[in-house]
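Welcome, and thanks for taking a look at this one. Please have the chain open beside you as you read the briefing below.

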Amino acid sequence: MLYLVYTVLLLSAAFNTGSSLPSFDIDWSTVAWVAGGAVTAVVAAPIAVGALGFTAAGISAGSGAAGLMSAFAGINGGATAAGGVVATLQSAGVIGLTAGAKAAVAGTGAGVAYVAKSYRQKSSDEH
């Protein structure tokens, strides 16, 4: 939740005309898109990890997670690397996302939402 507070504070600072931050043309709809993207990404990430087959009970047989584990095991001589992609996703499936992972996911979601908003606004300006 703290990452969302930081995001809102940073965006609100951009509205301050006396700010030393670079000048951006940001309106409240952009803030809504960015905040919505951040929250949506944080909520959707654990759902997506579980849907791939990374569950608290382990990797589901026949799932995308099983295929990913098999592919990485083939690369690493029959084993998956500790701290690698499969291990990290399995950890997220068991215990959920760490605070750092939530911040990274929120930042990514906010960035994607900002790009989507900018693209949408640009395409509507052209018509």
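Two residues count as being in contact when heavy atoms of theirs lie within 4.5 Å. Among contacts in the chain between residues at least 6 apart in sequence, those joining residues at least 24 apart make up 55%. Please keep in mind that this is a predicted model.

**Overall layout**

- The chain has 127 residues, and 24% of them are buried.
- Its accessible surface amounts to about 8000 Å², and carbon and sulfur atoms account for 67% of that area.

**The nonpolar cores**

- As a general point, nonpolar side chains in soluble globular proteins tend to be buried together.
- The largest nonpolar core here is made of seven residues: Ala45, Val49, Phe54, Ala65, Val86, Ala92 and Leu97.
- Helices H2 and H4 (85-95) each contribute at least two residues to this core.
- Another core lies apart from it and has five residues, including Ala38, Val42, Ala106 and Ala110.
- Val49, a member of the seven-residue core, touches Phe54, Leu89, Ala92 and Gly93 once residues up to four places away in sequence are set aside.

- Gln90 sits in helix H4.
- Gln90 has a relative accessible area of 17%, so it is buried, the cut-off for buried being under 20%.
- Beyond its neighbours within four places in sequence, Gln90 is in contact with Phe54, Thr55, Gly58 and Ile59.
- Gly96 belongs to the loop between H4 and H5, and Gly96 is partly exposed because its relative accessible area is 23%.
- From Gly96 to Thr55, the C-alpha atoms are 9.8 Å apart in space, while the two residues are 41 apart in sequence.

- Val39 is part of helix H2, which covers residues 28-52.
- With a relative accessible area of 40%, Val39 is partly exposed.
- Together with Val43 and Ile47, Val39 makes a nonpolar surface patch of about 270 Å².
- Gly36 also has its place in helix H2, and because its relative accessibility is 31%, Gly36 counts as partly exposed.

- Helix H5 covers residues 99-126, and Ala104 is one of its residues.
- Ala104 counts as partly exposed because its relative accessibility is 46%.
- The C-alpha atoms of Ala104 and Ala41 are 9.8 Å apart, although 63 residues separate the two in sequence.
- Gly107 is likewise found in helix H5, and a relative accessibility of 43% makes Gly107 partly exposed.
- Which distance separates the C-alpha atoms of Gly107 and Ala38 in space? The value is 6.3 Å, for two residues that are 69 apart in sequence.
- Gly36 and Gly109 are 73 residues apart in sequence, with their C-alpha atoms 8.3 Å apart in space.

Technical notes. Residues numbered from 1 in each chain as written. Predicted model: local features only at pLDDT ≥ 70, side-chain atom pairs only at ≥ 80, totals over all residues. Heavy atoms only, no water. Helix = DSSP H or I, 4+ residues; strand = E, 2+ residues; numbered from the N terminus. Buried < 20%, exposed > 50% of the residue type's maximum accessible area, 1.4 Å probe, protein only. Areas by Shrake-Rupley, 256 points an atom, 1.4 Å probe, with all protein chains shown as cover. Patch = residues over 30% accessible without salt bridge, like charges linked within 9 Å, V, L, I, M, F, W, Y side chains within 5 Å. Salt bridge = Lys/Arg side-chain N within 4 Å of Asp/Glu carboxyl O. Core = buried A, V, L, I, M, F, W, Y, C linked by side-chain atoms within 4.5 Å.
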